[in-house]
Amino acid sequence: MEKRENAVGMAGRIAGEIERQPDIYGTRGLKRFSLEISRADGSRQASDRVIVIYGQEAEATPGQLADGAYVMVMGKMQTYKEVPGGRIVVFVLAEYVGVVSEQVEQQNGVYLEGDVARKPIHRTTPKGRKITEVTVKVPSAFTEGYFSFIPTICWGSDAEAAAEYREGARVALEGRLQSRDYTKRLEGVEVTLTAYEVSARHIEKRICE
């Protein structure tokens, strides 16, 4: 995958119907789908479902995108705030979407360079695993001078290093975009929600000259 400051490369299966995407910061004519990608790490969760949003110009195989199709996606990580509700949506803004053979190996790769948006949160799981949550700020693809804030999880020794990062530090990371279900009580009712975040295989601080 080309290492631009914000680059995503994925291959998987469209899970569900293609939907119209409400306008994002004035950008119209967008569509969206869920992309299901198998995990190869042996974890209990067999696959991730990530949100892909794209415009007509990104379609490499017009008319072929449909539920169940295997596709290659290339683009960049972005976020936007839903109206109404104010929920932050983490997604891939596709610059290329094309149908591929089912024989193409499923993949999920993210490369980001950006700034630490706020003080990282470090914790240890009940099983003793060290985790640090880092929010990485990258330029918005929709509005110049604005930013997307990408939630990122670091593990092990990377988590220990990331816990010391300060707000504004420049970082580079490689990993995958993952989905994670969790339960939350809303208005007295327990509901299942999905969180989307980058799981970093490696993260490091950049030295700014």
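A: With 209 residues, a compact globule would have a radius of gyration near 17 Å, and the protein chain has 17 Å, so the two agree; the radius is taken over C-alpha atoms, and the globule rule is 2.2 Å times the number of residues to the power 0.38. This is a predicted model, in which local features need pLDDT of at least 70 and side-chain atom pairs count only at pLDDT 80 or more, while totals for chains, interfaces and linings use all residues. Residues are numbered from 1 along each chain as its sequence is written, and side-chain values use heavy atoms, with hydrogens and water left out.

Q: What makes up the pattern of helices and strands in the protein chain?

A: The protein chain has one helix and twelve strands, where helices (H or I, at least four residues) and strands (E, at least two) are DSSP runs numbered from the N terminus. Read along the sequence, the order is β-β-β-β-β-β-β-β-β-β-α-β-β.

Q: Which residues are in contact with Phe33, leaving aside its neighbours within four places in sequence?

A: Contact means heavy atoms within 4.5 Å, and with those neighbours left aside Phe33 is in contact with Ile14, Glu17, Ile18, Val50, Ile51, Val52, Tyr54, Val71, Val73 and Val97. For Val52, which is 19 residues from Phe33 along the chain, the C-alpha atoms of the pair are separated by 5.5 Å.

Q: What joins the side chains of Gln178 and Arg176?

A: They are joined by a polar contact of 3.1 Å, the term standing for a pair of N or O atoms within 3.5 Å; within protein, one must be able to donate a hydrogen and the other to accept it, and residues adjacent in sequence count only if both atoms are side-chain atoms.

Q: How many of the 209 residues of the protein chain count as buried?

A: The share is 44%.

How values were computed
Buried < 20%, exposed > 50% of the residue type's maximum accessible area, 1.4 Å probe, protein only.
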